[in-house]
Amino acid sequence: RFCTEYTVLESVIIEDFFNSDNKWYDMPAGWYVVEGDVTITPRLDTHGAVNLILTDDCHLTVPWGINVKEGDTFTIYAQSTAEASMGKLTACLPELSDHEKSVWPVAGLSGIGAGVRVWAANDNYYENEGTIIINGGNIHAKGQQGSSAIGGSDYEHNVSSDGDTPGNLRQGGSITINGGVVRTEPFALPEGNPLAVDSVGIGTCQMGYGGSVTINGGTVIAEATCDAITTGYGGTITINGGDVTAIGGVNNFAEDLNRVIPGNGIGPYESGSVIINGGTVKATAKGEGFGIGGARIYNTGAMTVTINGGEIEATANRNNAAIGDKGNGKSGVTITDGVVHAVGKGSAAGIGSTGDIRITGGEISAFAEGGGAAIGSIGGVDCKSITINGNAIKSLSSKDGACIGAATGGSVGSITI
C-alpha cells in the first residue's frame, strides 16, 4: 500500500509550556508521516480520521500525549514489522505536575485517547472517547492520575459539576490492536502511599460507560496501577490473537480498597465481558483484583468471562480468583476450549464465580494455594452452579479449600460432572 498525499510532522518544542497559548496541536483529518526524531510538546488533538505512519527508525515523542475524542478515529501504521527497526511513538505524561489546574489539567489526561478540557479550576469537561486503531509500531504510553495510558479519563459524567444528575454520562470508545508492540507504564506512587489511584493501562478508565478493547495480533504488554486491560460499565474485551501480557495492581498501596478495585489483569472495574478466542495470554493481579475477570466489591451488574481458545495463564495473588467474577445477574465463567492454567494465591480461587461456571472443553489446570477453591466459589461469597462435561480437567489442587466446590465462607448451589 502507498500513501502519496501526506504531511511530514516536524518538531514543535515549547519551553514555557504552562504560560503558552499553544498547548494544543491540531491535527485535521488526513495522513501524517514521522521521519527521524520528532518531539511535539503541545498535546496533539485529532479531528476526524487521522492516520499516522511511523517510518523505520523514527521516534515521535509527545510529552502531553495525543487526544482522541468522540468522533475522531486515530490509526497508527508502521513502515515495517521488524521490532528492531519499526518506528516508535512515546506518549508518556508526567505523573504529577506542579501547576495551577485552571491552566492545564493536573489529572485526567490519557497518553493516547480522550481527556479533560479545563473550563475553570473546578469546572471541567471530560470527553467521550474516540476510536484508536494500532496496526503497527512500537508504542509506549502512560497517562496521568485519573486516566488510561490508552483510552480516556476516569470521570463518570462529562461535566464535573453535574454531580449525580442523570445524563451526560461519559462514554467509552473503541481500541483495536492488530499488530506492533504496545506497552503501557503504570502510574507510580511511593511505597506506603495510602492514596487510591485511578490509573489503568488499555481501555476506558474506571467509571466510564461501555467501550471496547479488541486485540487481534501484535505484542501487548500492559501494566497498570489499577486494571491493565479494561472497559467501562458493560463494556467488552475481546482477544482473538497476539501475545498479551497484562499485570494489574502494580505499585498500588491504596488503603481505600472498597472504592477502587486495585488491579485486574484483564477485566472491567464494574461490569462487562471478557472473551478470549485465541492468542497467548498471561494475566496477573498483583493486588486484590482478578487475573482475568472482575467486578469491584459493590458491583451491581453482570460480569462474564468466556474462553474459546488460546493459551491462558492467569494468577490472582491475594483474593478473588485467577479467572472469575463477583458479578450480579447473569454472571459466570464459560470455558469451551483452550489450554488454561489458573493459580489462586492467598485466599483466591483458581476459577471462581458468583454465577455459573461451565467447562465443556479445553485442557484445564486450576490450583488454589491457600484457602480458595480450585474451581468453585470465591471466599466469602456463593457460587450458583458448577457444570463440567467431558475430560477437560487435567490437574486440580487446593491447599485448604475444595478442589471443586466451595471456599471458606461460601457455598455452591449445585455441582454437575
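Tutor: C403 has a relative accessibility of 34%, which counts as partly exposed; buried means under 20% relative accessible area, exposed over 50%, and partly exposed in between, with a 1.4 Å probe and protein chains only. This is a predicted model, in which local features need pLDDT of at least 70, side-chain atom pairs count only at pLDDT 80 or more, and totals for chains, interfaces and linings use all residues. Residues are numbered from 1 along each chain as its sequence is written, and side-chain values use heavy atoms, with hydrogens and water left out.

Student: Which cysteine sulfur is closest to that of C403, and how far away is it?

Tutor: A disulfide here is a pair of cysteine sulfur atoms within 2.5 Å. The closest cysteine sulfur to C403 is too far for a bond: it belongs to C383, at 15 Å.

Student: Is C226 buried or exposed, and which cysteine sulfur is nearest?

Tutor: C226 has a relative accessible area of 0%, so this residue is buried. By the disulfide rule the count comes to zero. C226 is thus in no disulfide, and the nearest cysteine sulfur, 7.3 Å away, is that of C205.

Student: Which strands are at the edges of the open sheet of five strands?

Tutor: Strands are DSSP runs (E, at least two residues) numbered from the N terminus, and two of them pair if DSSP finds at least two bridges between them. The order in this open sheet is β24-β27-β30-β33-β36, with parallel pairing. Strand β33 (residues 375-376) joins β36 through two bridges, with I375 opposite I404. The strands that pair on one side only are β24 (292-294) and β36 (404-405).

Student: How many bridges join β2 to β4?

Tutor: Strand β4 runs parallel to β2 (residues 24-34), and W24 stands opposite R43 in β4. For β2 and β4 the number of bridges is 10.

Student: How many of the residues of β4 are buried?

Tutor: β4 is described as mostly covered. Of its 12 residues, the number buried is nine.

Student: Is T238 buried or exposed, and which residues does it touch?

Tutor: T238 lies in strand β20 (residues 235-239). Its relative accessible area is 16%, so T238 is buried. Contact means heavy atoms within 4.5 Å; not counting residues up to four places away in sequence, T238 touches V213, T214, I215, I275 and N277.

Student: What is the volume of the largest cavity?

Tutor: A cavity is a set of points on a 1 Å grid over the protein atoms alone where a 1.4 Å probe fits but cannot get out; lining residues have an atom within 4 Å of a point. Grid points are joined across faces, edges and corners, and the volume is the space filled by probe spheres set on the points. The structure holds one cavity of 30 Å³ or more, and the lining of the largest includes V68, E129 and I175. Its volume is about 40 Å³.

Definitions and conventions:
Helix = DSSP H or I, 4+ residues; strand = E, 2+ residues; numbered from the N terminus. 1 Å grid on protein atoms, 1.4 Å probe; cavity = no way out; pocket = protein on both sides within 12 Å on 5 of 7 lines; lining within 4 Å.
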